[in-house]
Amino acid sequence: MSAENGTRSYKLEVWRQARGASSGRMVVYQVNGIDQNMSFLEMFDQLNEDLLRRGEDPVAIDSDCREGICGTCGVCIDGRPHGPLPNVTTCSLRMREFPDGSTIVVEPFRADAFPVVKDLVIDRSAFDRVVTKGGFISVNAGQAPEANGLPVPKDAAEAAMDSAACIGCGACVAACPNASAALFTSARIRYLSLLPQGQPERTSRVLGMVDQMDAEGFGDCSNHGECEAACPKGISIENIAKMRREYLRASLRAG
Ligand code: FES
């Protein structure tokens, strides 16, 4: 513990990369006076305030909701996407998880399909382009349907909800040795394939999304399982097996 108020101090090794630059480097910073109940992002806010006071460029790090919903805050902490705790996003991580005086290494998610924008901020628009190929249902506007007109079996509803929990943070890609986006893509396909509303576009959805995933330069899945371990929402790798079957079925139907 640091001297005053039971606060903590850390040495941070942070990836710094200028906007548009093709290479970067690790830079060491010392942060003091950190409350153990601060979130990881609040600790970065404090670092950036220190840097601004010294007239230095603050570290670019993405966040939005700061409550584990939006998926923008993902960084690698000590080599693990979102840090040391399972099922916890970077924004929900508290500094009490890191011993006082320790060194913490912070890097952006690494993948060719996620180019670094600046420092710890990456471009995840490849995920958006995958979703535009079918990760939705088309609805013809009109009178609202009767609420009980489309009954959904309980098992299917629960499995769909589990898959729909994906927040698109990209931790699965960062953790995979092949930089595969199979867990993300399969989760987005699966929940729609389980619901009656997803049936009319079921074939075009899986063909379009898987083809776009490949076109974006993500690697193939070779069943390492690192994606499932890194996912802060506990998305099951079972989704990938279901996606493969769904793709085969769609290919046969499409002729
Ligand atoms: S900032 Fe939204 S999930 Fe972390």
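In this predicted model, Phe114, Phe127, Phe184 and Phe218 form one aromatic cluster. The count of aromatic pairs comes to six. A pair of aromatic rings is described by the distance of the centres and the angle of the planes.

The ring centres of Phe40 and Phe44 are 5.6 Å apart. Their planes meet at 45°, so the pair is tilted. Phe40 is buried, with a relative accessible area of 0%. Phe44 is also buried, at 0% relative accessibility.

Phe114 and Phe218 form an edge-to-face pair. Their centres are 5.7 Å apart, with 80° between the planes. This pair links distant parts of the chain, 104 residues apart. Phe114 sits in the loop between strands S5 and S6. Phe218 sits in the loop between helices H6 and H7. Phe114 is buried at 2% relative accessibility, and Phe218 is buried at 7%.

A ring also meets a charge. The charged end of Arg110 sits over the ring of Trp15, 4.1 Å from its centre.

Helix H5 (residues 182–194) and helix H6 (residues 202–215) have axes that come within 10 Å. The axes cross at roughly 170°. Angles over 145 degrees count as roughly antiparallel, so H5 and H6 are roughly antiparallel to each other. On the H5 side, the contact residues include Ile189 and Leu192. On the H6 side, they include Val206 and Met209. By class, this contact has seven nonpolar, two polar and three charged residues.

Key: Residues are numbered from 1 along each chain as its sequence is written. This is a predicted model: local features need pLDDT of at least 70, side-chain atom pairs count only at pLDDT 80 or more; totals for chains, interfaces and linings use all residues. Side-chain values use heavy atoms; hydrogens and water are left out. Axes are lines fitted to C-alpha atoms, for helices over the stretch in contact, and angles run from 0 to 180 degrees between N-to-C directions. Helices (H or I, at least four residues) and strands (E, at least two) are DSSP runs, numbered from the N terminus. Angles under 35 degrees count as roughly parallel, over 145 as roughly antiparallel, 65 to 115 as roughly perpendicular and the rest as oblique. Contact means heavy atoms within 4.5 Å. Ala, Val, Leu, Ile, Met, Phe, Trp, Tyr, Cys and Pro count as nonpolar, Asp, Glu, Lys and Arg as charged, and the others, Gly among them, as polar. Rings of Phe, Tyr and Trp (its six-membered ring) pair if their centres lie within 6.5 Å; planes under 30 degrees apart count as stacked, over 60 as edge-to-face and the rest as tilted. Buried means under 20% relative accessible area, exposed over 50%, partly exposed in between (1.4 Å probe, protein chains only). A charge sits over a ring if NZ of Lys or CZ of Arg is within 6 Å of the ring centre and within 35 degrees of the ring normal.
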